[in-house]
There are 2 protein chains.
Amino acid sequence: MRMEEIERKVIGWLDQHSAKAIRLLKRLIGEKSTLGSEFNAQAVVLEKLRQFQMDIDVWEPSLKQLKQHPYFKSDRSDFHESPNIVAKKTGAGGGRSLILNGHIDVVPEGSLKDWTYEPFQAVEENGKIYGRGSTDMKGGNTALLFALEALHACDVKLKGDVLFQSVIDEECGGAGTLSAIMRGYRADGALIPEPTNMKLFIKQQGSMWFRITVKGLAAHGGTRYEGVSAIEKSMHVITAIQELEKVRNARISDPLYDNVPIPVPVNIGTISGGAWPSSVADRVVIEGRCGIAPHEQPEAVKLELENWLKDLEYRDEWFKRHPVKVEWFGAQWLPNDLPDDHPLISVLQSAYQKMKRTAPITEASPWGTDGGLLYHAGDTPVIVFGPGETKTAHQANEYIEVEAMIESAKIIALFVMDWCGVHTDGEDADAKVDKE
Amino acid sequence: MRMEEIERKVIGWLDQHSAKAIRLLKRLIGEKSTLGSEFNAQAVVLEKLRQFQMDIDVWEPSLKQLKQHPYFKSDRSDFHESPNIVAKKTGAGGGRSLILNGHIDVVPEGSLKDWTYEPFQAVEENGKIYGRGSTDMKGGNTALLFALEALHACDVKLKGDVLFQSVIDEECGGAGTLSAIMRGYRADGALIPEPTNMKLFIKQQGSMWFRITVKGLAAHGGTRYEGVSAIEKSMHVITAIQELEKVRNARISDPLYDNVPIPVPVNIGTISGGAWPSSVADRVVIEGRCGIAPHEQPEAVKLELENWLKDLEYRDEWFKRHPVKVEWFGAQWLPNDLPDDHPLISVLQSAYQKMKRTAPITEASPWGTDGGLLYHAGDTPVIVFGPGETKTAHQANEYIEVEAMIESAKIIALFVMDWCGVHTDGEDADAKVDKE
């Protein structure tokens, strides 16, 4: 078969077997895989992978080992019964290798009263499948597995290796992907089907969390002039952060961000301080998320924010003797930056164009993915493309459109074949000639 | 005996029996009388009062009854085993009646690690007695009882009635004093020996608690421009409150406040909002204490603050569709305002002058007392004067100076005699003559 015939056959198979994908997604949603409970969902993945004649590696990440890595930021202390899976299909040779990476963990369902549907029962209605993780990102994972199943069923012989990764812990810092990198898994490129609404996200904003402690001096509210209000002082801190955000964003000239009001936000997410209505607050804690631009190094961004807040003493003398305390805590999502001319983009654009008869939209994402780790810690360039929509991720009544999921599986199948290369009949014939 | 002899006799008795006052204070401190645990301390008071041949009224306040009173603001739901005591010494007639009011409840001891002394063991050291409630206000109560004991021991025949009140619940809103008022106890004047450091507090600032809820619109921190930060909106609210405080205080021209930087503060005591560093906060709650000037009505002050915050929409359009919510919660301390020429002042000044050979300092207090209730709900003018120091109240290592306590008992004894009037021997002789 010539390449076009193979492609037609694969797409045809995917068209005929969409029920398989729907069934798989429903089973995955049915296994609630929040932090620490990933085991059963991974078992469903494993059962599927075993049909594809791949080399399967299943392991529980080692905390001890992870802790030695500078990019390990998770608060997690135990990976017992939280296995990672990597399944490798070794290519015939002569092609580019590819990692297909998806996280199996989902965020908690939140308040049940906000849900119209049971979050873990995968209800299908009007072409959508509802449930926690449907869009973020079991729908994307299903598209990957469905594409692999098509390639297997159609007996497509890839030249480059394909590594399918079902990882844990993306939602709280990426320990699953980091563990896979530390185990040696790397490739010439990677695709992560996070919910991009079928856009190509070629850059991702990273982020990390800060905690700023502002000091005051307690006093009785009736003589509040004898104290110093940490709440009032916090207003200087908030203003300073707002100005830092302006300065940081003014630097960004990438046209990808032309239509984004604040390309790399610094978000003040929480504030809490004071212990009693009738007392002057002697302490306020502000927590937030500092965006990291695709080209930035996290450590440089930390330093910039810390230095910026050192200048608070020029806004208010109080800070000279009582500087704020800055801590970086919790998870960290590394940014990702794919050069405009990287072949991952052109190959995926071409696959998209074949299916959709139009060029895809290319954007920078306002959130990080495990792609930051794959790139910074694993030297693997990453493109993010998937069927879900960001806006339903982490929300009640999260859903995915079945059609988009099937369509993305087709695009991914075409992409895999193009990226890795396919051993066609013609080549087989040539090879046989050579051997004979 | 002529009046001066009687006074000399009473002062002499007090000088000789200071050990009694010390012993009583130590016993009172030893009975931890925090909210709901006032029983044993009241038993000590009762035991003392029984020696003075007074009519004693002991009762547990009725929540049902209290709830009918507009000034009842306590969160307390049960007064079981929290008795109030009023002991009345009926005068011979022809004199002014007087309430001597002190609260028996104390605030919790707080963290033991902040204390050098056991908070409920009444350690005496270098002329001070340490312990929770020593200054606020078992020291003041002891001064009252010690003065009454002297009058009794010296067989002083007062003309006006004296009502000694040992009340519960001052620290959380004044239900004890309110219950005494509702039981019909009133007088021509009242003295409350709260810790004024021997100054005459002729006016008291009242206060009440507000809770302001500021709305925002949640969004992911990476696209924070899609949301509206309740934390940022809170800054407008804080600024508005700061300006309201300025406007309110600019109105105060009473020379008593000449040296007070902010006579009637509006204190923002707590702030909390936002749920996640990476989310835009959709809600912030601000709690604080609004001071009430001595001449003000609480309801008018509430209205002023509420209307002031309605004008937030002129600072930021967001508030037009999302006005802040204002609640008044918890306890309320009414202000108190004694006219400059009220005889309570001159009579107490004169008693002070007799003992100290100098004029007392007259001030307005930055905090409320049960005096606000006695005046507003009980039509009883109130002066506040006591031996403790405000600065040690509610603190670790709270103490009272023994000498100040004894001295205040002397001043109070002189004050009681002058206020109520004393039936002297001369009058007895006259009376006898009349009768004969």
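The structure is a predicted model. Chain A contains 14 helices and 16 strands, and its C-alpha trace spans about 95 × 45 × 45 Å along the principal axes. The packing of helix H1 against helix H13 is described for chain A and for chain B, and the packing of H2 against H5 is described for chain B.

**Overall form and annotation of chain A**

- For the 436 residues of chain A, a compact globule would have a radius of gyration near 22 Å, and the value of 24 Å found for chain A agrees with this.
- An unreviewed UniProt entry lists residues 203-315 of chain A under "domain: Peptidase M20 dimerisation".
- In that span, residues 203-315 of chain A, the end C-alpha atoms lie 36 Å apart, and the secondary structure is 34% helix and 27% strand.

**Helices H1 and H13 in chain A**

- Helix H1 (residues 3-16) of chain A packs against helix H13 (residues 402-420) of chain A at an angle of about 155°, and their axes are 10 Å apart.
- Because angles over 145 degrees count as roughly antiparallel, H1(A) and H13(A) are described as roughly antiparallel to each other, and H1(A) passes H13(A) in a right-handed crossing.
- On the H1(A) side the contact is made by Met3(A), Ile6(A), Glu7(A), Val10(A), Ile11(A), Leu14(A) and Asp15(A), while H13(A) contributes Ile406(A), Ala409(A), Lys410(A), Ala413(A), Leu414(A) and Met417(A).
- Sorted by class, the residues in the contact of H1(A) with H13(A) are ten nonpolar, no polar and three charged.

**Helices H1 and H13 in chain B**

- In chain B, helix H1 (residues 3-16) and helix H13 (residues 402-420) pack at an angle of about 155°, with 10 Å between their axes.
- H1(B) and H13(B) are therefore roughly antiparallel to each other, and the crossing in which H1(B) passes H13(B) is right-handed.
- From H1(B), Met3(B), Ile6(B), Glu7(B), Val10(B), Ile11(B), Leu14(B) and Asp15(B) meet Ile406(B), Ala409(B), Lys410(B), Ala413(B), Leu414(B) and Met417(B) of H13(B).
- The contact of H1(B) with H13(B) has ten nonpolar, no polar and three charged residues.

**Helices H2 and H5 in chain B**

- The axes of helix H2 (residues 18-30) of chain B and helix H5 (residues 134-153) of chain B come within 9 Å of each other and cross at roughly 140°.
- That angle makes H2(B) oblique to H5(B), and their crossing is right-handed.
- In H2(B), the residues Ser18(B), Lys20(B), Ala21(B), Leu24(B), Leu25(B), Leu28(B) and Ile29(B) meet Ser134(B), Lys138(B), Gly139(B), Thr142(B), Leu145(B), Phe146(B) and Glu149(B) in H5(B).
- The residues in the contact of H2(B) with H5(B) comprise seven nonpolar, four polar and three charged.

- In chain A, Asp136(A) and Met137(A) are joined by a cis peptide bond with omega of about -10°, and Met137(A) lies in helix H5 (residues 134-153) of chain A.
- In chain B, the peptide bond from Asp136(B) to Met137(B) is cis, with omega near -10°, and Met137(B) is found in helix H5 of chain B.
- Gln53(A), although not a glycine, has a positive phi of about 50°, and Gln53(A) lies in the loop between helix H3 (39-49) and strand S1 (55-59) of chain A.

Conventions. Residues are numbered from 1 along each chain as its sequence is written. Chains are lettered from A and ligands numbered from 1 in the order in which they are written. This is a predicted model: local features need pLDDT of at least 70, side-chain atom pairs count only at pLDDT 80 or more; totals for chains, interfaces and linings use all residues. Side-chain values use heavy atoms; hydrogens and water are left out. UniProt positions are given in the numbering used here, feature names are shortened, and annotations may be inferred rather than shown by experiment. Helices (H or I, at least four residues) and strands (E, at least two) are DSSP runs, numbered from the N terminus. Axes are lines fitted to C-alpha atoms, for helices over the stretch in contact, and angles run from 0 to 180 degrees between N-to-C directions. Angles under 35 degrees count as roughly parallel, over 145 as roughly antiparallel, 65 to 115 as roughly perpendicular and the rest as oblique. A crossing is left-handed if the near helix is turned anticlockwise from the far one by less than a right angle, and right-handed if clockwise. Contact means heavy atoms within 4.5 Å. Ala, Val, Leu, Ile, Met, Phe, Trp, Tyr, Cys and Pro count as nonpolar, Asp, Glu, Lys and Arg as charged, and the others, Gly among them, as polar. The radius of gyration is taken over C-alpha atoms; the globule rule is 2.2 Å times the number of residues to the power 0.38.
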